[in-house]
Amino acid sequence: MNQPLLSVRDLTIAFPCPEQGSRAVVKRVGFDLAQGQSLAIVGESGSGKTMIGKALLGLLPDAATVSGGSAVFNGRDLFRNTPADWRALRGTEIGMVFQEPMVSLNPAFRIGDQLTEGLVCRRGIGRAEARALALAMLERVLVRNPKDCMQRYPHEFSGGMRQRIMLAAVMLLKPKLLIADEPTTALDCVVQKEVLDLMLELTVQEGTALIFVSHNLSLVAEYTERVLVMCRGDAVETGPVKQVLSRPAHDYTLKLLDALPKRDPDAVPPPPKPPILEVRGLTVDYEAREGWFGKRQVRAVHPASFSVSPGETLAIVGESGSGKTTLTKAILGLLKPSGGAILFEGKDLLTAGKEELRSARRRIQMVFQDPYSSLDPRMEVGALVAEGLRLDDSLNRFEREARVAKALEDVQLGGAYAKRYIHELSGGQRQRVAIARALVVRPDIIIADEPVSALDVTVQKQVLDILVQLQDTYGFACLLISHDLGVVEQVSDRVIVMLRGHVVEEGTRDEVFDAPCHPYTQRLLQAVPELYGNREEGFRVETRKLPPARGDLRYFQPEVDGNQARKLVPLRPAGTGAAPHRAAVVDQAA
Amino acid sequence: MKMSFKRINLVVGVLFVGVVVLLALAGCVYTPYDPVDGDLMAKYGPPSAEHWLGTDEFGRDVLSRIMAGAGVSVAVSLGTVLFATISGTAIGVLTGYLGGWTDRVVMIFLESLMAFPGLLLALGIMAIIGPSKLGVVMALGLAYTPSVARIARATVFSLRQRDFVIASQAMGNSGLWTVTRHILPNCIAPLIIFSTSLFGSALLSESALSFLGLGVPPPAPTWGGMLSDGRNSMEQAVWLSIFPGAMISFALLGINMLGDAVRDLLDPRMKGAH
Amino acid sequence: MLSYALKRIVMALPTALIVSLLVFVMIRLIPGDPVTLMLHDATDPALVQEMRASLGLDQSMPRQFLSWSGKVLRGDLGNSVKTGEPVLELIVQHFPVTAQIVLAATLLSCLIAIPAGMVAAWRQNRWPDLSIVAGAIVLVSIPSFWVGIMLIWLFGVKLNWLPTFGFESVATGGWAALQYMVLPVIAITLTEIAALSRMMRASTIDVLRLEYIAHARAKGLPENRVMLRHAFPNAFGPTLTVIGLVLGHLLSGAAVTETVFTLPGIGRLLVESIYARDYPVVQGCLLFVALLYVFVNLVIDLLYPLFDPRIKL
Amino acid sequence: AELPEIRVAEAFDTPSSMPGHRSRNTTTDSITIHVAESLVALRNDLSVAPMLADSWKVSDDGKTYQFKLRGGVTFHNGAPMTSAEVVWSLNRMLDPKGESYCRNQYDGSKGAKVASVKATAPDAVTITLAQPNALFLQQLGNVQCPMAVLHPSSVDAQGKWVKPVGTGPYSFGEWRKGQYIQLRVYPGYAPRAEAPSGMAGAKKPMAHIRMVVIPDTSAQKAAFMSGQVDLIVADGENPPPKGPGWNVVVEQDMDANALLMQSKDPLLSKPEFRRAVALSLDMPALVKTLTNGNTVYNPSLVPVGTLNYTPAHAAGYAKNLEQAAKLLAASGYKGETIKIQTTKRYPDMYRLAVVAQNMLGKTGIKTEVEVLEWATQVTNFREGRFQMMAFTYSSRMDPAIMYGDVLGDKAVTPMSQWTNPEASRVLAGLKAEGDPAKRKAAFEDLHKRMIADVPMLHIYNSPVLIGVSKKLKGFEPWPYRRPRFFNVSKQ
Ligand SMILES: Nc1ncnc2c1ncn2[C@@H]1O[C@H](COP(=O)(O)OP(=O)(O)OP(=O)(O)O)[C@@H](O)[C@H]1O
Ligand SMILES: Nc1ncnc2c1ncn2[C@@H]1O[C@H](COP(=O)(O)OP(=O)(O)OP(=O)(O)O)[C@@H](O)[C@H]1O
Ligand SMILES: [Mg+2]
Ligand SMILES: [Mg+2]
Ligand code: NI
């Protein structure tokens, strides 16, 4: 054990740069990794984490060069490899799982072929034997019906499934070192946990060393032994996870930890007010084509009812595909719901006239998940923000300009930013532009669909802070959609939990987070460990401890009780809030 | 090496296209001889001190014709490209945005137009408006319109799903506003790229039309027409084919390289955005 | 899939109808009719009337169209004005010539252009790429009739290796047929290679940027497997569309090539009947060409799932 | 041993293998002259010679023709030629259901009107005309629409044409549409004893013939130069260069190249203006550039070198710019642009237009060349829709026919070029006139009137350059453009 498996020294990676000749994106980074050990690399977006991983496989982009340093693997310097050496090394010695499960499997290939080709090409194993090995591996990664799975194509699987298959493909070759580059960021927390558990189990069983690249500190704390913290290409801190994360030595690490979303214990829930938006029994169906001219209705949202009051933040959480976005689209009138009512200030938007609808739309604004794609790349920031005011006839030009300037100032983008284009801004700045655009019309409601999930922790914190602060100033109601429970916990007043188009639980933030009842909510809350603590006391990872749920109810579970009647029942006597804490149960009366 | 390749495209493209444009402009104001009126006694003269590029079957100076032809060829190709791009974009963007039945019906029309042979189209148009440059522009432009419309439509389809278009609708903007302010500007890039390649095709198709006797009416010179006339006298007057042929290849090389360069310039991946 | 094909064929009917109608009107709008052309410079007003009547050209246009489409529905495309032969027979005689040459040329250009495009993408911005791209640009800038004439002069006249005109069907002519095909096939191929290789290069470059290629490489697969098994099927889709367009276009009228190489193909038949105002032939040919277009696109669409299983028909 | 095959390039395929069926073109005529024969044939100078008929007698009223058929002639199917087939052939042509394009030459609408045809004996035929016609005999042997004698087995039971079964030196072989037509040597052919001249006299088939269809002129030239075809009718401007394997011979043809002027046009209706146009053109120089000196200026509709051509026909217009300027002023010309219609389909017409434009420009007559597609131009020609037009009339076997097509009342036949009742009367008088001297005098008269009226400018009769491989022996040009291959052998 005295000879480490991988020993990286002074690794420097640079890109050519028109102004300075070259620009280092990884600077003199070094670390050791022994067999069977695990190392996490953390840091904000763009800090060079992926580049390190790719450099170790010789897969850097064409433009990038390793301009210095060494990486000794098994006694050989990787950077002296010839192309043939690299090929001999990849897969069997060092394997890599990529960030995006959706695009990492070849869409044109059957799963079986993708799994066995490595074995056949690299290990010289016969086809039949390779198949058997692949089947065994699929079973180990808990894929249901592996035989059938081998015959299918990647697009027929969900993200979580694909990531398991990826893992299987990489582990089949039994590499000595596994590099996992943000393997689960695109997945929701329940699935995330399943995949990570599996990865850890496999590496432990096979004695594989692991490099785990992530920006999620909680996950790192839970799953790895050592950690390397990166900041703009520099390794700022390295050491055992427990030490680094609980007693960080470097300011930057502290900043990362500080940025973790957390509940503000002092926040007082706003006094109940009459709701400004009320959704009653809203259902949405999608049309699916079938056969020749046939059409079939697929229900994306089952009757859902909730309401938001001015100044309040209502969060909608739930697994991917549970109908959150669909719900917001229906509220905005971008989709035609198949039933129910949407009352805005008591008037039903679904039966409203065109003029009414337009003016209502102006008072409900939307902030999209991906600021890059929701802002027109060919318009200046100022024009983008001003566009919202275009339909407001009551303002003259000067008032308009003043409004735009104010809105940009509100999101701390004053001055010269108005003349920039979207691609000239960072992710966080873009999202602030999106918020400014929504704000400028002084809406009564802002709907934010995953407003921060594309941003890294530090930026995420900035954006959330601004949003909360603005809500205090302007008093708009906010409908927040997210699968990141930390974010929801930090900013929401009330929470709705959705599962497969059904609302399964609803209540105030404290009720839902502290005493969840529905089994799905419980699973969701316990899926991912979280870091608790503060600068002074240090940080620790913990899985949430939850009180037992009320066991006397037969909770409605869409997977099992698909077609049964259901209803939301209050769990405890209604408190001071407008709506009580309720959960979906099977309606035995029906 | 890697960067310089891209620059070769740009530099050569701009240079070649520049030369052609200069030639076209020069041809409008000055040519050494009259390009349409020759000295009948001096026909089929090989390149010489007086006639640098020789003379043709009517004793017309080939250099003068190439210079004058540059203007005509460029004008016709440009007209064709503008015609096809404008009409194709309008149709494509509109149907792509409206979708549904309008789209289906218009697509059937476009498909019919694509199956329609260019020759008959050219003949028909020439018959209606008489043989003229405008006729060539209309015939070729009409023939290219469906392809442009298809590209525009495909782009619009992908744009329609983009959040910023949905966002514009969510804001309560009218359809016209969304199309003109958000969709159209974002279609421009692929359309510019396609247009540069169209320009080359137009230059070539004009010569194919001349070959079939339907090009820009003589005696107005075009490179395509000169090339297609020159093929008959290849053994006795090679220069009649070589020079216009070389000019066409030269211009096309320039246009294609410029098109490739523009594509690289407009490619967001090259800009380092994101 | 079958139902998809059927649906597409049904959808082709309006296209066919519109094409027929357009052609019918258009060809009658162009000055000159078959009778004038046949009589040329001879004076004979009575004969003109008589011939017009016998061809039914004295009736009103809608009536002519109705009677023509009525016959078409019964499978009768009418007879040529010039020769009196059934139009269907003419198409059956001429189309195989075009099909044989065009299919061979398309196959050949695919065989050359696709590997070339992939190599260029693989070695992007290095010298193989540079030379392939430059070659493609040069090829794309030569008019097709020019290529044809050059080939004829080089291989036919100067070297005297190959016949410069004529045609034999491969089905009956065997090997001898091949030597007639060489030059036209090369001429078409040369102009098609450029477009296809450029397309293939662009789409391969896009695919090579994708994560699953990095993943395949990370598994240590040899480059040829990465390129052939992983990159090719995914990059081929857009090229397939272009092949379809080109094929449809060529099959419906490689008129210039057919003229230069004296091939009795459908393109020349169409052009000559347009010149001769042989209305029934023009109408029949165009109806055929429009349906051919739809058919080629249908075949291409049916081929897509082979390369991209995500596409369901 | 198999006989060699002569290959000749043709620009167009024949629309029909049958003489004059439905429509015809030069290729059809080329087939006919080798496959079929008529009762009489034309010599090189277009005089009439015996062919299937050894002799004939014309009645005094000029209406009845009695032919005595030649013995020992067989059809390609071996059947002997008798008067029955002659009767069948002529009746077939006259039958409206036979769809014969040439019917108008025999039913009185264009030429003679055949009243009846009778077989008086197995070797004697009598044809009766409704009115006497001086050109009837010539028409029987004409290259266009001859009275080809065919065997009834040329048609099937339904009366549809199958292929021509004639008596000519070649039988009709394989026809691959759009590709080639094969004519095979007919071994049973019995040549006449007279010396060969034109279509008349001894015609010995010595090699098979293959007419290959090559539409593009440069492709034709390439095929010729690479030795794949033995004979081409070259583009006069761009003949094949000198080569070791071939000769280029010049043939004086009768095709008439003319510049037409529409007298219905306000400006061109003024004779002064038309004359000014004529005097602006340097005709000899024009002809020299256009034909490379292969023929001379011919102001007359009577082709140079034919029977009726006399020195009087050489009188035309001489370039005189001074007078042209005066005439222009007199006509009130104010620099309007005149359009000259032409087509690129036939290079001769195109070049004529361009060169004329060039010359007219020098006198201050502004013109614009309008290049039309051929069918459009023909339509405009027939409907008289043009100002000026470069046009080529195809060869006519007799000047009377040519004058007949040109003379007429534009109000009735818009395609007429020259309206002059006096001249029409002279022409009508020729209809039944058989005396060669009187005919000559009448043509001179017509020519004089035409030069005075300036209705159109006839400029030259096409010289044709024929590329002939040195492998061919015995090929001779004649005024009718269709190359003849009997008496031609190939090594
Ligand atoms: N092809 C490229 N050309 C130029 N610069 C690049 C290229 N790819 C990456 N970079 C730069 O290299 C730096 C490091 O990128 P890297 O992908 O390693 O970041 P990361 O830490 O993995 O970020 P993330 O968390 O967003 O995945 C970034 O500043 C990025 O902009
Ligand atoms: N245009 C559509 N046509 C048919 N079904 C759709 C369409 N859009 C969404 N769906 C389906 O509707 C369901 C709800 O989708 P929705 O986008 O609302 O989920 P979500 O909760 O926003 O998920 P995510 O967290 O992944 O954004 C999903 O099952 C999805 O597959
Ligand atoms: Mg990364
Ligand atoms: Mg969503
Ligand atoms: Ni370089």
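**Close-up 1. Salt bridges between chain C and chain D.** Across the interface of chain C and chain D in this predicted model, the rule finds two salt bridges. One of these pairs is formed by D:Lys177 and C:Glu85, whose closest N and O atoms are 2.3 Å apart. Across the interface of chain C and chain D there are also two residue pairs in polar contact, both at pLDDT 80 or more.

**Close-up 2. The side of chain C that touches chain D.** On this side of chain C, at least two residues each are supplied by helix 2 (34-39), helix 3 (45-55), helix 7 (144-158), helix 12 (255-260) and helix 13 (266-275) of chain C. Helix 3 of chain C gives the largest share of the side that touches chain D, namely six residues. Sorted by class, the side of chain C that touches chain D holds 22 nonpolar, 14 polar and 10 charged residues.

**Close-up 3. The extent of the contact between chain C and chain D.** Chain C brings 46 residues to this contact, and chain D brings 43 residues. The size of an interface is often expressed as the accessible area that is lost when the parts come together. For chain C and chain D the buried area is about 3700 Å², and carbon and sulfur atoms give 56% of that area.

**Close-up 4. The two assigned domains of chain A.** In chain A, the domain assignment gives domain 1, made of residues 36-61 + 79-259, and domain 2, made of residues 277-586. The centres of domain 1 of chain A and domain 2 of chain A, taken over C-alpha atoms, are separated by 32 Å.

**Close-up 5. The contact between domain 1 and domain 2 of chain A.** In this view 23 residues of domain 1 of chain A are in contact with 23 residues of domain 2 of chain A. The two domains of chain A bury about 2100 Å² between them, with 65% of that area on carbon and sulfur atoms. Across this interface of domain 1 and domain 2 of chain A, the rule finds zero salt bridges, and it likewise finds zero residue pairs in polar contact with both residues at pLDDT 80 or more. On the side of domain 1 of chain A that touches domain 2 of chain A, two or more residues each come from helix 7 (189-206), helix 8 (217-223), helix 9 (241-246) and helix 10 (251-258) of chain A. By class, this side of domain 1 of chain A has 11 nonpolar, five polar and seven charged residues.

**Close-up 6. The surroundings of ligand 1.** The residues around ligand 1 include A:Phe15, A:Arg23 and A:Val25, the run from A:Ser45 through A:Gly46, A:Ser47, A:Gly48, A:Lys49 and A:Thr50 to A:Met51, and also A:Glu182. A polar side-chain atom of A:Arg23 lies 3.4 Å from a nitrogen atom of ligand 1. A polar backbone atom of A:Gly48 is 3.0 Å from an oxygen atom of ligand 1, while a polar side-chain atom of A:Thr50 lies 2.4 Å from an oxygen atom of ligand 1.

**Close-up 7. The surroundings of ligand 2.** Ligand 2 is surrounded by residues of chain A, among them A:Ala300, A:Ser320, A:Gly321, A:Lys324, A:Thr325, A:Thr326 and A:Glu450. A:Tyr286 also belongs to these surroundings, and an N or O atom in the side chain of A:Tyr286 is 3.4 Å from a nitrogen atom of ligand 2. Backbone N or O atoms approach oxygen atoms of ligand 2 at 3.1 Å in the case of A:Ser322 and at 3.0 Å in the case of A:Gly323.

Notes:
Residues are numbered from 1 along each chain as its sequence is written. Chains are lettered from A and ligands numbered from 1 in the order in which they are written. This is a predicted model: local features need pLDDT of at least 70, side-chain atom pairs count only at pLDDT 80 or more; totals for chains, interfaces and linings use all residues. Side-chain values use heavy atoms; hydrogens and water are left out. Contact means heavy atoms within 4.5 Å. Buried area is the accessible area (1.4 Å probe) that two parts lose on being put together, summed over both. A salt bridge is a side-chain nitrogen of Lys or Arg within 4 Å of a carboxyl oxygen of Asp or Glu. A polar contact is a pair of N or O atoms within 3.5 Å; within protein, one must be able to donate a hydrogen and the other to accept it, and residues adjacent in sequence count only if both atoms are side-chain atoms. Helices (H or I, at least four residues) and strands (E, at least two) are DSSP runs, numbered from the N terminus. Ala, Val, Leu, Ile, Met, Phe, Trp, Tyr, Cys and Pro count as nonpolar, Asp, Glu, Lys and Arg as charged, and the others, Gly among them, as polar. Domain bounds come from an automatic or database domain assignment. A residue is near a molecule or strand if one of its heavy atoms lies within 4 Å of it.
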